[in-house]
Amino acid sequence: MSADMNLKIKVWRQKNNKASGSFETYPVVANEHMSFLEMLDVLNEGLINQKKEPIAFEHDCREGICGTCSMVINGQPHGPSSGTTTCQLHMRHFKDGDIIVVEPYRASAFPVLKDLAVDRSAFDRIIQAGGYISVNAGQAPDGNAIPIEKGRAGQSFEAAACIGCGACVAACPNGSAMLFTSAKIAHLGHLPQGEVESNKRPQAMVAQMDKEGFGMCSNIGACEAECPKEIKLENIAFMNRSYLKAVFSGEEV
Amino acid sequence: MKWIITFFSSSIGKKLLMSLTGLFLILFLVVHLIGNLQLLKDDGGEAFNTYAYMMTHNPLIKIVAYGNYFFIILHAFVGISIALYNKGAKGQKYAVSNSNKTTWASKNMALLGTLILAFILIHMGDFWFKMKFTDELGMKSYEGFPEVRDLYTRVSTAFSQLWIVVVYLIGMMVLSFHLWHGFQSAFQTLGLNHKKYTPLIKSVGKAYAILIPLGFAVIPIWYFLFKTM
């Protein structure tokens, strides 16, 4: 048996980037098996039927791998369950009669575009600043042609799990993007394929991160606690030492 | 040399400054505490007064002392500028905040640091300034030394007043919170985070954050309870 839940959704409404927003509260009847996004779909369906503007929110894959569904639910990016995205959050984690507060990600480098949608293109520019890796083009190389220690492959793979959703920035009281940037630096930095540009990449990516106006990490750990892919603070330490090594031993970028 | 300016204006460069100056000040606290524990010696102040004389007259120690003042100012200045920048980078705050997975100290380092700076000013104004720049302190003679300033009596007079003792205890509590986060944070910023040694750094940091401020706090309490007529 699935029970219906009567909820109140207190959501941030903002017309556009220039307008100042405010909270609006809407009642919604949800089913405990719905995902959080499906609940918002039902709410929007109702708004459209009443000829009201639906709530703008970003979503894409709805299976926890694209990192699009950005929102802060009751003070937590991607809501109360740890290690999951908003689309993987189910309504059974809430109780009948709950008032749920939904806000957009807050960071100066992530300006609100409309309602819950924020502009995260700063992340794309950090990735672009990372540039290329030097590998031979042509035929696909043989598997295991480049030997990689299992532990390093694991560290790289764990960093590569970052989906670039921006929850780290949203959770950080400093609006810092260091968990994201460090995961992107670490995922190639641990591997032999990333070795050739290992002095250039951290310098270029950190410079772009600073230029975008993200804050400075003070090792609070809110990012790690909220990351849906459980990216670890060890990556930030890895970025710090890669950057220091690059600045003191590499070419100027 | 442009790269040096680029480095120290980068986020990681500024964090490195915080980390290195912080670690220096962590070492300083140990030396300062060892020196101050001589106040507990029941010799009418001979050990402490001659120690204070040595600390203010040995040329090598004077150089380190000026370095120490500089690092305190640098740590405070860079720290406050980082905190202000970060406030702007966060922008609008959340209507609902849920942060039970992080420590209070880690999110209030700038506030704690500012309180510590205020404490240092009160502390230096009361002892260091009065010893170096005024004639308020009496003189004492000990064998093997020229006439030395009687800082010991100044300390025992100060710590006979309850409000000064309370200010010092609050100061040490604030310092303890600051160190609770700061100690391990300094190593993380240096890029030293590894499952082999990070658990040890974290436990040493917590022990340090409790024991060092506690050691300092013992002195005013001891004076207030046992030396006040």
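Modeller: Two residues are in contact if their C-beta atoms, placed from the backbone, lie within 7 Å. The model is predicted, so local features need pLDDT of at least 70 and side-chain atom pairs need pLDDT 80 or more, while totals for chains, interfaces and linings use all residues. Residues are numbered from 1 along each chain as its sequence is written, chains are lettered from A and ligands numbered from 1 in the order in which they are written.

Colleague: Of the contacts in chain A with a separation of 6 or more, what percentage do residues 24 or more positions apart account for?

Modeller: Take the contacts in chain A with a separation of 6 or more. The share from residues 24 or more positions apart is 72%.

Colleague: How many helices and strands has chain A?

Modeller: Both are DSSP runs, numbered from the N terminus: helices are H or I with at least four residues, strands are E with at least two. The C-alpha trace of chain A spans about 60 × 40 × 35 Å along its principal axes. Its count is eight helices and seven strands.

Colleague: Of the 253 residues of chain A, what percentage count as buried?

Modeller: A residue is buried if 20 or more other C-beta atoms lie within 10 Å of its own, exposed if 12 or fewer, and partly exposed in between, with C-beta atoms placed from the backbone. For chain A the buried share is 46%.

Colleague: What is the order of the open sheet of five strands in chain A?

Modeller: Two strands pair if DSSP finds at least two bridges between them. Pairing in this sheet is mixed. E2(A) and strand E4 (76–77) of chain A stand at the edges, each with a single partner strand, so one side of each has no neighbour in the sheet. The order is E2-E1-E5-E3-E4.

Colleague: What angle does the direction of helix H1 (residues 36–49) of chain A make with that of E2(A)?

Modeller: H1(A) packs on the sheet and touches E1, E2 and E3 of chain A. Axes are lines fitted to C-alpha atoms, for helices over the stretch in contact, and angles run from 0 to 180 degrees between N-to-C directions. The angle with E2(A) is about 105°.

Colleague: Of the 10 residues of strand E2 (residues 22–31) of chain A, how many are buried?

Modeller: Strand E1 (residues 4–13) of chain A is joined to E2(A) by 10 bridges, and the two run antiparallel. A:Ile9 stands opposite A:Tyr26 in E2(A). E2(A) lies largely in the open, because its number of buried residues is one.

Colleague: Is H2(A) roughly parallel or roughly antiparallel to H5(A)?

Modeller: Helix H2 (residues 121–130) and helix H5 (residues 178–189) of chain A pack at about 30°, with axes 11 Å apart. Angles under 35 degrees count as roughly parallel, over 145 as roughly antiparallel, 65 to 115 as roughly perpendicular and the rest as oblique. H2(A) and H5(A) are therefore roughly parallel.

Colleague: In chain B, is the crossing of H2(B) and H4(B) left-handed or right-handed?

Modeller: Helix H2 (residues 11–36) and helix H4 (residues 59–90) of chain B pack at about 140°, with axes 9 Å apart. That makes H2(B) oblique to H4(B). A crossing is left-handed if the near helix is turned anticlockwise from the far one by less than a right angle, and right-handed if clockwise. The crossing of H2(B) and H4(B) is left-handed.

Colleague: Which element gives the largest share of the side of chain A that touches chain B?

Modeller: The contact takes 39 residues from chain A and 34 residues from chain B. Among the elements of chain A that give two or more residues are strand E5 (99–103), helix H6 (200–211) and helix H8 (234–249). The largest share, nine residues, comes from H8(A).
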